[in-house]
Amino acid sequence: MNWVRVFNRLFTIINTEGNTYFSGSRFISKVREIDPYFANYNQYIDQRNKQGKSTSRKDYYYDILISFNDEDRLRIINTILDDVQIFEPEKVAELKNELGELATIPSPDISKEVWNAKRLSDYLNEIDVRINALNYASAVTLAYTCLEGFLKAFVFKNIPASSIKPELLALTREVQSYLKSNIDKYPDEAFTMLSNIAHTVDRSRNKFSEAHFDEEAARWLALFVRDMVNAEIRLLLHFM
(Lines give C-alpha, C1' and ligand atoms only; values in the text may rest on other atoms or scores of the structure.)
Protein backbone atom coordinates (compact mmCIF):
# COMPACT_ATOMS: atom_id res chain seq x y z
CA MET A 1 0.00 0.00 0.00
CA ASN A 2 1.30 3.45 -0.93
CA TRP A 3 0.61 5.20 2.37
CA VAL A 4 1.82 8.58 1.12
CA ARG A 5 -0.86 8.57 -1.59
CA VAL A 6 -3.49 7.36 0.89
CA PHE A 7 -2.58 10.08 3.36
CA ASN A 8 -2.55 12.83 0.73
CA ARG A 9 -6.03 11.79 -0.41
CA LEU A 10 -7.24 11.72 3.19
CA PHE A 11 -5.74 15.11 4.01
CA THR A 12 -7.40 16.67 0.97
CA ILE A 13 -10.74 15.64 2.45
CA ILE A 14 -10.13 16.69 6.05
CA ASN A 15 -8.38 19.96 5.18
CA THR A 16 -11.49 21.48 3.60
CA GLU A 17 -13.42 24.02 5.66
CA GLY A 18 -16.81 22.79 6.83
CA ASN A 19 -18.11 19.53 8.23
CA THR A 20 -15.15 17.52 6.94
CA TYR A 21 -12.49 19.76 8.48
CA PHE A 22 -10.36 18.03 11.12
CA SER A 23 -8.64 20.25 13.63
CA GLY A 24 -5.74 18.78 15.57
CA SER A 25 -7.91 17.93 18.56
CA ARG A 26 -10.56 16.29 16.38
CA PHE A 27 -7.95 14.21 14.56
CA ILE A 28 -6.29 13.06 17.77
CA SER A 29 -9.66 12.21 19.30
CA LYS A 30 -10.13 9.74 16.43
CA VAL A 31 -6.68 8.28 17.09
CA ARG A 32 -7.60 7.84 20.76
CA GLU A 33 -10.69 5.84 19.77
CA ILE A 34 -8.26 3.20 18.52
CA ASP A 35 -5.51 3.78 21.09
CA PRO A 36 -7.03 5.25 24.29
CA TYR A 37 -3.53 5.69 25.74
CA PHE A 38 -2.31 7.98 22.97
CA ALA A 39 -1.38 11.49 24.12
CA ASN A 40 -4.17 14.07 24.06
CA TYR A 41 -3.85 17.10 21.79
CA ASN A 42 -2.07 19.38 24.29
CA GLN A 43 0.30 16.62 25.41
CA TYR A 44 1.16 15.70 21.82
CA ILE A 45 1.83 19.26 20.67
CA ASP A 46 3.96 19.85 23.77
CA GLN A 47 6.00 16.76 22.88
CA ARG A 48 6.47 18.02 19.31
CA ASN A 49 7.62 21.43 20.51
CA LYS A 50 10.13 19.92 22.94
CA GLN A 51 11.50 17.70 20.18
CA GLY A 52 11.75 20.61 17.76
CA LYS A 53 9.36 18.94 15.32
CA SER A 54 6.90 20.66 13.03
CA THR A 55 3.44 21.37 14.44
CA SER A 56 1.96 21.80 10.98
CA ARG A 57 -1.23 19.73 10.87
CA LYS A 58 -0.23 17.91 7.68
CA ASP A 59 3.19 16.99 9.09
CA TYR A 60 2.09 15.63 12.42
CA TYR A 61 -1.07 13.92 11.11
CA TYR A 62 1.17 11.92 8.80
CA ASP A 63 3.69 11.20 11.55
CA ILE A 64 0.91 9.94 13.83
CA LEU A 65 -0.59 7.63 11.20
CA ILE A 66 2.73 6.21 10.10
CA SER A 67 3.67 5.43 13.73
CA PHE A 68 0.91 2.78 13.92
CA ASN A 69 0.99 -0.70 12.43
CA ASP A 70 -0.99 -1.27 9.24
CA GLU A 71 -4.13 -2.59 10.96
CA ASP A 72 -4.44 0.29 13.43
CA ARG A 73 -3.55 2.82 10.74
CA LEU A 74 -6.45 1.50 8.66
CA ARG A 75 -8.79 1.62 11.63
CA ILE A 76 -7.95 5.27 12.27
CA ILE A 77 -8.49 6.11 8.61
CA ASN A 78 -11.78 4.22 8.54
CA THR A 79 -13.13 5.99 11.63
CA ILE A 80 -12.35 9.33 9.98
CA LEU A 81 -13.94 8.29 6.69
CA ASP A 82 -17.08 7.16 8.54
CA ASP A 83 -17.42 10.71 9.90
CA VAL A 84 -17.03 12.50 6.58
CA GLN A 85 -18.61 10.08 4.12
CA ILE A 86 -22.01 11.78 4.17
CA PHE A 87 -20.42 15.11 3.19
CA GLU A 88 -17.85 13.91 0.62
CA PRO A 89 -19.20 10.60 -0.70
CA GLU A 90 -17.28 10.68 -3.99
CA LYS A 91 -13.88 11.47 -2.47
CA VAL A 92 -14.39 8.91 0.29
CA ALA A 93 -15.40 6.29 -2.30
CA GLU A 94 -12.26 7.05 -4.32
CA LEU A 95 -10.05 6.64 -1.25
CA LYS A 96 -11.78 3.41 -0.21
CA ASN A 97 -11.33 2.14 -3.75
CA GLU A 98 -7.59 2.78 -3.44
CA LEU A 99 -7.53 0.95 -0.12
CA GLY A 100 -9.43 -1.91 -1.74
CA GLU A 101 -10.30 -4.81 0.53
CA LEU A 102 -8.36 -3.19 3.40
CA ALA A 103 -11.08 -0.54 3.68
CA THR A 104 -13.44 -3.20 5.07
CA ILE A 105 -11.36 -3.88 8.21
CA PRO A 106 -13.56 -2.74 11.11
CA SER A 107 -12.42 -0.63 14.02
CA PRO A 108 -12.54 -2.40 17.38
CA ASP A 109 -14.87 -0.85 19.94
CA ILE A 110 -13.55 -0.37 23.45
CA SER A 111 -16.76 -0.11 25.44
CA LYS A 112 -17.93 -2.88 27.73
CA GLU A 113 -21.43 -2.80 26.27
CA VAL A 114 -20.27 -3.51 22.73
CA TRP A 115 -18.06 -6.46 23.60
CA ASN A 116 -20.45 -9.23 24.48
CA ALA A 117 -21.43 -12.60 23.04
CA LYS A 118 -23.43 -10.97 20.24
CA ARG A 119 -20.51 -8.78 19.18
CA LEU A 120 -18.29 -11.86 19.07
CA SER A 121 -20.89 -13.76 17.02
CA ASP A 122 -21.04 -10.90 14.51
CA TYR A 123 -17.28 -11.07 14.05
CA LEU A 124 -17.32 -14.86 13.72
CA ASN A 125 -20.08 -14.70 11.12
CA GLU A 126 -18.06 -12.24 9.06
CA ILE A 127 -14.95 -14.42 9.37
CA ASP A 128 -17.00 -17.38 8.14
CA VAL A 129 -18.24 -15.33 5.19
CA ARG A 130 -14.65 -14.65 4.18
CA ILE A 131 -13.62 -18.28 4.63
CA ASN A 132 -16.56 -19.46 2.52
CA ALA A 133 -15.54 -16.96 -0.15
CA LEU A 134 -12.05 -18.58 -0.12
CA ASN A 135 -10.59 -15.31 1.16
CA TYR A 136 -8.49 -16.95 3.85
CA ALA A 137 -5.94 -14.17 4.35
CA SER A 138 -8.73 -11.67 4.96
CA ALA A 139 -10.40 -14.08 7.41
CA VAL A 140 -7.20 -14.40 9.43
CA THR A 141 -6.68 -10.63 9.41
CA LEU A 142 -10.20 -10.13 10.70
CA ALA A 143 -9.65 -12.75 13.43
CA TYR A 144 -6.52 -10.82 14.47
CA THR A 145 -8.54 -7.59 14.52
CA CYS A 146 -11.25 -9.23 16.57
CA LEU A 147 -8.87 -10.57 19.22
CA GLU A 148 -6.81 -7.40 19.46
CA GLY A 149 -9.94 -5.27 19.72
CA PHE A 150 -11.35 -7.42 22.50
CA LEU A 151 -8.09 -7.37 24.46
CA LYS A 152 -8.01 -3.58 24.21
CA ALA A 153 -11.53 -3.50 25.61
CA PHE A 154 -10.55 -5.90 28.41
CA VAL A 155 -7.56 -3.79 29.43
CA PHE A 156 -9.53 -0.56 29.15
CA LYS A 157 -12.25 -1.99 31.42
CA ASN A 158 -10.21 -3.92 33.98
CA ILE A 159 -6.84 -2.14 34.01
CA PRO A 160 -7.68 1.50 33.19
CA ALA A 161 -4.36 2.78 34.56
CA SER A 162 -2.36 0.59 32.21
CA SER A 163 0.01 2.34 29.82
CA ILE A 164 0.74 -0.81 27.83
CA LYS A 165 1.27 -0.53 24.08
CA PRO A 166 -2.01 -1.42 22.30
CA GLU A 167 -0.55 -4.35 20.35
CA LEU A 168 -1.70 -7.96 20.42
CA LEU A 169 1.24 -9.62 22.17
CA ALA A 170 1.72 -6.80 24.69
CA LEU A 171 -2.01 -6.74 25.45
CA THR A 172 -1.99 -10.50 25.97
CA ARG A 173 0.84 -10.29 28.50
CA GLU A 174 -1.04 -7.55 30.38
CA VAL A 175 -4.25 -9.60 30.48
CA GLN A 176 -2.35 -12.70 31.64
CA SER A 177 -0.73 -10.73 34.45
CA TYR A 178 -4.09 -9.34 35.54
CA LEU A 179 -5.76 -12.76 35.57
CA LYS A 180 -2.94 -14.43 37.49
CA SER A 181 -3.03 -11.65 40.09
CA ASN A 182 -6.80 -11.62 40.54
CA ILE A 183 -8.00 -15.17 39.91
CA ASP A 184 -6.51 -18.09 41.85
CA LYS A 185 -8.98 -20.85 40.98
CA TYR A 186 -7.91 -21.44 37.41
CA PRO A 187 -4.89 -23.57 36.44
CA ASP A 188 -1.94 -21.53 35.23
CA GLU A 189 -2.05 -23.52 31.98
CA ALA A 190 -5.37 -21.86 31.11
CA PHE A 191 -3.71 -18.45 31.17
CA THR A 192 -0.50 -19.64 29.51
CA MET A 193 -2.73 -20.76 26.63
CA LEU A 194 -3.58 -17.09 25.96
CA SER A 195 0.02 -16.39 25.04
CA ASN A 196 0.16 -19.42 22.73
CA ILE A 197 -3.01 -18.28 20.96
CA ALA A 198 -1.73 -14.72 20.56
CA HIS A 199 1.54 -15.87 19.02
CA THR A 200 -0.26 -18.29 16.69
CA VAL A 201 -2.75 -15.67 15.50
CA ASP A 202 -0.02 -13.06 15.06
CA ARG A 203 2.30 -15.42 13.18
CA SER A 204 -0.51 -16.76 11.00
CA ARG A 205 -1.47 -13.24 9.98
CA ASN A 206 2.16 -12.49 9.11
CA LYS A 207 2.63 -15.77 7.23
CA PHE A 208 -0.35 -15.04 4.99
CA SER A 209 1.30 -11.79 3.99
CA GLU A 210 4.67 -13.48 3.40
CA ALA A 211 3.75 -16.64 1.54
CA HIS A 212 1.09 -18.33 -0.54
CA PHE A 213 -0.48 -21.48 0.86
CA ASP A 214 -2.22 -24.12 -1.14
CA GLU A 215 -5.98 -23.87 -0.70
CA GLU A 216 -6.40 -26.76 1.74
CA ALA A 217 -3.64 -25.56 4.09
CA ALA A 218 -4.94 -21.99 3.97
CA ARG A 219 -8.46 -23.15 4.80
CA TRP A 220 -7.57 -25.25 7.83
CA LEU A 221 -5.28 -22.55 9.19
CA ALA A 222 -8.01 -19.89 8.82
CA LEU A 223 -10.52 -22.18 10.56
CA PHE A 224 -8.03 -22.97 13.32
CA VAL A 225 -7.32 -19.29 13.96
CA ARG A 226 -11.05 -18.54 14.00
CA ASP A 227 -11.72 -21.27 16.57
CA MET A 228 -8.85 -20.18 18.82
CA VAL A 229 -10.02 -16.57 18.85
CA ASN A 230 -13.57 -17.70 19.59
CA ALA A 231 -12.43 -19.90 22.51
CA GLU A 232 -10.23 -17.20 24.07
CA ILE A 233 -12.78 -14.42 23.90
CA ARG A 234 -15.57 -16.62 25.27
CA LEU A 235 -13.32 -17.43 28.22
CA LEU A 236 -12.35 -13.81 28.90
CA LEU A 237 -15.92 -12.52 28.57
CA HIS A 238 -16.53 -14.13 31.97
CA PHE A 239 -14.10 -11.65 33.52
CA MET A 240 -15.29 -8.47 31.76
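**Entry 1: helix 1 and helix 6**

I began by listing which residues of helix 1 touch helix 6: Trp-3, Arg-5, Val-6, Arg-9, Leu-10, Thr-12 and Ile-13 meet Lys-91, Val-92, Glu-94, Leu-95, Glu-98 and Leu-99. Contact here means heavy atoms within 4.5 Å. Sorted by class, the residues of this contact are 7 nonpolar, 1 polar and 5 charged. For the classes I took Ala, Val, Leu, Ile, Met, Phe, Trp, Tyr, Cys and Pro as nonpolar, Asp, Glu, Lys and Arg as charged, and the others, Gly among them, as polar.

A note on the source: this is a predicted model, where local features need pLDDT of at least 70 and side-chain atom pairs pLDDT 80 or more, while totals for chains, interfaces and linings use all residues. Residues are numbered from 1 along each chain as its sequence is written, and side-chain values use heavy atoms, with hydrogens and water left out.

Then I looked up the geometry. The axes of helix 1 (residues 3-14) and helix 6 (residues 89-99) come within 10 Å and cross at roughly 165 degrees, which makes helix 1 roughly antiparallel to helix 6. Helices are DSSP runs (H or I, at least four residues), numbered from the N terminus. Axes are lines fitted to C-alpha atoms over the stretch in contact, and angles run from 0 to 180 degrees between N-to-C directions. Over 145 degrees counts as roughly antiparallel, under 35 as roughly parallel, 65 to 115 as roughly perpendicular and the rest as oblique. I noted the crossing of helix 1 and helix 6 as left-handed (the near helix is turned anticlockwise from the far one by less than a right angle).

**Entry 2: helix 5 and helix 6**

Next I checked helix 5 against helix 6: their axes come within 11 Å and cross at roughly 155 degrees, so helix 5 is roughly antiparallel to helix 6. Helix 5 also passes helix 6 in a left-handed crossing. Helix 5 brings Leu-74, Ile-77, Leu-81, Asp-82 and Val-84 to the contact, and helix 6 brings Val-92, Leu-95, Lys-96 and Leu-99. I find 7 nonpolar, no polar and 2 charged residues there.

**Entry 3: helix 8 and helix 9**

Helix 8 (residues 136-158) and helix 9 (residues 168-182) have axes 10 Å apart at an angle of about 45 degrees, which makes helix 8 oblique to helix 9. This crossing is left-handed. Among the residues in contact I noted Tyr-144, Leu-147 and Phe-154 in helix 8, and Leu-171, Val-175 and Tyr-178 in helix 9. By class, the contact has 10 nonpolar, 2 polar and 3 charged residues.

How values were computed:
Helix = DSSP H or I, 4+ residues; strand = E, 2+ residues; numbered from the N terminus.
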